[in-house]
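Please keep the sequence and the three-dimensional view at hand while reading.

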Amino acid sequence: MNTTSFSKTLKVFASFLIVFSIVLTSLPVAEAATTKATIYRLSTDSYLYDKTASSRKRLLMIKTGTVVSSTYASGAFRRVTYAGKTGYVASKYLTLYEKKQTVSGQRYLVLKKTPIKKTAVDTATTIGTLNEEDVYYTSQHVTNPLGETWYQISKEGKTGFVLANQATPIAYESQSNLSLKTTAATTIRSYAGPSYATVQTIPSNTVIKISGRIGNWYRVSYNGKTGYAASSTFTTLATKQKIAGARFELEKAVSIKSSPDAKASTLTTLQSGDIYYTTQLVTSNGQQWHRVSKDGKTGYIPVGQGKSVRYQSDRIVMQTTTSTPLRSYAGNTYATVKTIPSGTSITVTGMIDDWYRVTYNGKTGYIASRYAKEKVMTQSIPSSSYRLGRSVEVKTSHQATADTLVRLSSGDVYTTNQVVTTGRSEQWHRLTVDGKTGYIQINQGSPVTYESVNNHRYQATTDTTLQSDAGSAYATVTKLPKAAVVQVTGSLDQWLKISYAGKNGYVLKSTLTPYTETKKITGARFLANQSLVVKQAPDDQAATVTTLSFGNVYYTSSLITSYTNSSWHKVTIDGKTGYIRTGQNTSSIKYEAKQKLYVRATSNVALRSYVGSSYNVIKTIPQNLVVTVSGQIGDWYKISYDGKSGYAYKGAFVTTSSKLNVYNSVATPYTFDSFISAQMKLNPPPQTDIYKNKLMYVSTGYVRLGGALDPVNGTIATVTATTPLNIRSGASTVSHVYGQFQPGRMIRVYQSVSGFYTTYPRVYSNATNYSTIQWLNALETDVRNAADPLKVDRNSSDFYQFLDLSKTTGATPATLDKMLANVTKGEGIFNKCSNGSCGQAFIDAGQKYSVNEAYLISHALLETGNGKSTLAMGVTWNGRKVYNMYGIGAYDYDAINTGAAYAYSQGWFTPEAAIVGGAEFISTKYIHNVYGQNTLYKMRWSPMRPGSHQYATDMGWAVKQTSRIYSLYQQMDSYTATFDIPVFAR
């Protein structure tokens, strides 16, 4: 043997074995046999592998709770398909899965003996058995892992499962009004079936109420126990039930039985068409019967032998058409209780189908409807008309069920002369509609009266139609074009009877208007010599607009001939148009123009819209105001005042010049000396600026000279006093104190007089520069001169410190506009008001808030630099232009913005609004306050309460305010100036 060759062969074989073992390890392990499809749920996230070998690869991840099905097992793995891929999952991650479904309760009848399992699988322990004819109840279906469906049930307190499809469904039927009687001792079981436990036994011949049924089992209750009993031990029970009275018409002949049994004897018979009445339902052996009576005999009729009919109460008078039998009830086989002669009036009180219930000679019964007809009475009445308040059908006869002839609309009118009363006591009006006779039930409309008209003329206001009668539902006779003039011969409610183009008919009033002719005449005025009624239209029947009393005047330029051919003057009274009948007691009166006639009101005078006391008051002219008369009608002046033109009674005025001063003396509660004393005691006392160049005195003991005393040029000196040094009127400590120098100040002194240096009220900063003390305490003598009303010249501007600032000037807008133009030289805001007249705005402001216009203008000119200030010319604030004419709310630290913000808050978006709105502020703050300071003098001196609420300390303040007001008055062509002059006891 060649050992070398053998050795080589062994090596080759060994290599083959190694390769073969490698191949074997790479092949999958053989799968087990196919198993029954089983459903699993993953208990954790698990991988799906391509095979079970150690070289397996992951295909995908399956999430916890995923349900999968498997039909193959291989070692520790099961093959499943998921997301389109088939692979293997470790068996330890799979748990058997049951699907439970709750259903609406179901009952099943067992067809064969069926085991009850503890769980929903065939291999589970048997805990009970259902026999054939048993019924079970389930409300939950379970699908086990093998895909089998089981029903969860309970029996005798134990819960288990039965395999589906082993029984047939059966329904529970609820029962009511059913009672049965047991024929033997009867077992009540816990549920429907012979294998269920006994819960109670019912003795024989016991009546039991049945509440439900499952197949051959009744659901019953007895002695507090409820369950099911076999139907075989029950028999029917005849029960009586009271029902609401019912009536039935028989469709065929029916026997009335002596008892509720088809085999019972027949008492009598009802024929087809007869009606019977019952109040009792009898159930016997499953069949229902009606208990009935006929002519004294009571028996039973099977239910369902006829149709239900209804008794209807009624009340209608009828009349028999032939000799008529009155029967005991509604039917031809019922006994005749009376015979009613032909032509007899009877009252029907009710009906059943074709039978009337009537009473005759004390007997009540029924007659066939074919033997009677409704009794109808007709009565003639005077021709009457009615307006319908709603749409109403006109019937072809006097029956609500009759055909409709035509429908009349709401607002239509019908006329009748006949009333028809029916057997039902219904009343109808007989009428004719376009040649056809019809009927309307009465009380469908309101009575209206036809009124004849003596050919009045009317004109159509629109295209309309001429109807045959008074209503839109009547036939159209012809068309009536707009503006057509027609003759009216009558009126019927909202309709007029007219003649047009040879045809007569009715037209709606609202489409016609009285036709009047208007003729223009030369304007004329008429004086009423009697009371004159002013009508709303040229018609004596028209509403009254007003009445002009005796002595009033009216103006007209139109002569009206009315639709009734009467003549009227067209007038306007206080903006309302009216008409005055001509031919009354009036006389013509002329208008007379006047030139430069000035009159003064002797009291407050009413300015009326026209001549006479019947006209509206448009303004009141204040007492003592001077006004201009431009014309005269009779005893009435034509006057323009405060932007209004009208007429005022002549007797309330006296002629005067164009400028009037009114002086009112006002007594004060003080003597002049006590008044001055109170002023001098104020701190500070009255001040003045008239002493600034006056030589004064200071004590030498409190001044240190800076050099030799120079009586000509003066010597600079320093005040050494530690408190303010008095500046006096003379070289004496009892002389008047003008004011004080503060400690340390430099002054200039000139001569030494009796322990005092002469000086001037000047404080030096160096040898040449000084400032003057402007305001000094006034001497009592000067205060007396300034405050004494008796020392003020009435012809001077100073006297205007007594001008009553709450009284109007009486100036016209044109006068104030001219005055403003003169002062401002045509520049500034006061020549640019929105409506073209700032003068009118100042008049409106003065009128509204009782402030003198000249004072307002003076105030405005002062605050706005003659109308040229930024606030006056307008400032844009919050996107809108605002105006401020009096500087109200404008503070020095930011006058423009604060003044504009205030104007915006007040809504002053036009110059006029700023003029009028600002006047309110001035009125309430300065004039019409609790202190009653309506003059500049009162503002400065407060003569009624000296020292209280005085506007200034300058004794000349009041006089300094008057020059502009005085100047404004001098520019007026006419005015009234009222002065309040205080009077002191002397």
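The report below turns to a helix, a disulfide, a nonpolar core and several salt bridges.

The structure is a predicted model.

**Helix 5 and its surroundings**

Helix 5 covers residues 838-849 and contains 12 residues. From its first C-alpha to its last it reaches 16 Å, close to the 16 Å expected at 1.5 Å a residue. Nine of the 12 residues are buried, so helix 5 is largely enclosed by the rest of the structure. Among the buried residues are Cys838, Phe842, Ile843 and Tyr849. Their cover includes helix 4 (813-824), helix 6 (853-864) and helix 9 (911-927). After helix 5 comes Ser850, which has a positive phi, near 55°.

**The disulfide**

A search of the whole structure finds one disulfide. A disulfide is a covalent bond between the sulfur atoms of two cysteines. Here the partners are Cys833 and Cys838, with sulfur atoms 1.9 Å apart. The link of Cys833 and Cys838 is right-handed, with 100° about the S-S bond. Cys833 and Cys838 are both buried.

**The nonpolar core**

The largest nonpolar core has 84 residues. Phe830, Phe842, Tyr855, Met885, Tyr886, Ile915 and Tyr969 touch the most other members. Phe842 is also one of the buried residues of helix 5. Leaving aside residues up to four places away in sequence, Met885 touches several residues, including Ile829, Phe830, Ala860, Pro911 and Ile915.

**Salt bridges**

The whole structure holds 18 salt bridges, according to the search.

| Lys36 | Glu148 | 3.6 Å |

Lys36 forms a salt bridge with Glu148. This pair links distant parts of the chain, 112 residues apart: Lys36 is in the loop between helix 1 (3-26) and strand 1 (38-42), and Glu148 is in the loop between strand 11 (135-143) and strand 12 (149-155). Lys36 counts as exposed, at 51% relative accessibility.

Arg387 lies in strand 38 (residues 377-388) and Asp493 in the loop between strand 48 (485-492) and strand 49 (495-500), 106 residues apart. Arg387 is partly exposed, with a relative accessible area of 30%, whereas Asp493 is buried, with 16%.

Lys960 lies in helix 11 (residues 957-960) and Asp689 in the loop between strand 67 (687-688) and strand 68 (696-699), so the pair ties together parts that are 271 residues apart in sequence. Lys960 is partly exposed at 44%, and Asp689 is partly exposed at 25%. Elsewhere, salt bridges that share partners join Glu393, Lys395 and Arg407 into one network.

How values were computed:
Residues are numbered from 1 along each chain as its sequence is written. This is a predicted model: local features need pLDDT of at least 70, side-chain atom pairs count only at pLDDT 80 or more; totals for chains, interfaces and linings use all residues. Side-chain values use heavy atoms; hydrogens and water are left out. Helices (H or I, at least four residues) and strands (E, at least two) are DSSP runs, numbered from the N terminus. The expected span of a helix is 1.5 Å times one less than its number of residues. Buried means under 20% relative accessible area, exposed over 50%, partly exposed in between (1.4 Å probe, protein chains only). Contact means heavy atoms within 4.5 Å. A disulfide is a pair of cysteine sulfur atoms within 2.5 Å. A nonpolar core is a set of buried Ala, Val, Leu, Ile, Met, Phe, Trp, Tyr and Cys residues joined through side-chain atoms within 4.5 Å. A salt bridge is a side-chain nitrogen of Lys or Arg within 4 Å of a carboxyl oxygen of Asp or Glu.
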